[in-house]
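Subject: Model handover and findings

Hello,

Here is the model for you to look over. My notes follow below it.

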Amino acid sequence: MIDFPNFQWVQIAYALLTLFIVINYGMVMTAVVRKIGARVGGRYGIPVWQNYVDLLKNIALRSKISHGVMYYLGPVFRFTGGIGLLLFVPTIYGSEWHQNFSYAGDLILALYFVFFGTLGMALGAGESGHPHSAIGVSRGLAQVTMAELPLALGVYALSLQYQTLDITQIVAAQQGSIFNWTLFTNPIATVAAMIAFVGTMMRSPFDVAMAPQEIPIGPPTEYHSSYLALMQTNRALFPVAKAVIYMNLFFGGATSWAEFAIKVFCLYMVSVVIGVVHPRFRVEQSIRFFLKWGLPIGVLAILVV
């Protein structure tokens, strides 16, 4: 008789189901965020289903342009970063089906996936040979690299606090009470990580690499048709996957899909609320911000553990 909880194909099927749910949640969230930004600006905004229309349209298109193998692999690496980040962390704590493959990795692997997609996208866009593309990816890499610094320090403080790099164990240590969350047991590390979170969500004031007037010098100009569809899908998946990691590390994880939806929505809205009221930084301003605020708070988080 087959032991279904340990049956490999059933586990893969549930991991794919988790991926399907999160992608659709991200598609809706992305549309809601755009509508919020439009309403703040006095406009009506797009319908909620517009992202699905754009995605299907781009999937149906084909391109004859070729710049080399790495050019094709760029969006694939980008999408792989989002998928890997989601599938190697527990989505629903305590669920046999939605632990994904968290047993196969740890916090270091999750952090690697955070940067993997950005690096792959930079290599792919650079393959086109267009100087404007290189300018766009260099801006994005410079900003993301600096944003990762307070996150790495906050995570290091977290690993010292819990004496483990296993994300499931970190979530388990936060169960029982809201005051067991890392938000309350280690607020300094949480602040350092949230500074990085806002920076890596690519929303104002940290969205110069993807700002409307900067689009002509970034990867979205180089990629189109089904390649652009991969990037659109990852743009829906990746922010939610990052929110899941933060939810697990600092906000007690989620024990049900309802709790998951509420916590991820609240985390997502942190960057949205900041973005609609703050002007955009130049790249050097954002780097200076992370050095001035994120780095000292991250170092302080380690010192007080």
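Start with Gln 99, which sits in the loop between helix H3 (69–87) and H4. Helices here are DSSP runs (H or I, at least four residues), and strands (E, at least two) are too, numbered from the N terminus. Gln 99 is buried, at a relative accessible area of 16%. Buried means under 20% relative accessible area, exposed over 50%, and partly exposed in between (1.4 Å probe, protein chains only).

Two notes on the source. This is a predicted model: local features need pLDDT of at least 70, side-chain atom pairs count only at pLDDT 80 or more, and totals for chains, interfaces and linings use all residues. Residues are numbered from 1 along each chain as its sequence is written, and side-chain values use heavy atoms, with hydrogens and water left out.

Back to Gln 99. Neighbours within four places in sequence aside, Gln 99 is in contact with Val 89, Pro 90, Ile 92, Tyr 93, Gly 94 and Thr 168. Contact means heavy atoms within 4.5 Å. Val 277 lies 178 residues away from Gln 99 along the chain, and their C-alpha atoms are separated by 37 Å.

Backbone points

Asn 100 is also in the loop between H3 and H4. Its phi is near 55 degrees, a positive value in a residue other than glycine. Asn 100 is buried, with 3% relative accessible area.

Gln 163 has a phi near 55 degrees as well, again positive and not in a glycine. Gln 163 belongs to the loop between H5 and helix H6 (167–173). At 64% relative accessibility, Gln 163 counts as exposed.

There is a cis peptide bond from Ser 204 to Pro 205, with omega near 10 degrees. Pro 205 is in the loop between H8 and helix H9 (219–222).

Helix packing

Helix H8 (residues 187–200) packs with H10 at an angle of about 175 degrees, with the axes 12 Å apart. Axes are lines fitted to C-alpha atoms, for helices over the stretch in contact, and angles run from 0 to 180 degrees between N-to-C directions. H8 is therefore roughly antiparallel to H10. The cut-offs are under 35 degrees for roughly parallel, over 145 for roughly antiparallel, 65 to 115 for roughly perpendicular, and oblique for the rest.

From H8, the residues that meet H10 include Ala 189, Met 194, Phe 197 and Thr 200. On the H10 side they are Lys 242, Ala 243, Tyr 246 and Phe 250. By class, this contact has eight nonpolar, two polar and one charged residues. Ala, Val, Leu, Ile, Met, Phe, Trp, Tyr, Cys and Pro count as nonpolar, Asp, Glu, Lys and Arg as charged, and the others, Gly among them, as polar.

Thr 233 is another H10 residue. It is buried, at 11% relative accessibility. Beyond its neighbours within four places in sequence, Thr 233 touches Ile 23, Leu 55 and Phe 79.

Cavity

How many cavities of 30 Å³ or more are there? The count is one. A cavity is a set of points, on a 1 Å grid over the protein atoms alone, where a 1.4 Å probe fits but cannot get out; lining residues have an atom within 4 Å of a point. The largest cavity has a volume of about 70 Å³. Grid points are joined across faces, edges and corners, and the volume is the space filled by probe spheres set on the points.

Helix H4 (107–126), helix H5 (131–162) and helix H10 (225–250) each supply at least two lining residues. H10 gives the largest share, five residues. The lining includes Leu 85, Leu 111, Leu 151, Thr 200 and Lys 242. It divides into nine nonpolar, one polar and one charged.

Best wishes

Conventions:
On a 1 Å grid over the protein atoms alone, a cavity is a set of points where a 1.4 Å probe fits but cannot get out, and a pocket is an open set with protein on both sides within 12 Å along at least five of seven lines; lining residues have an atom within 4 Å of a point.
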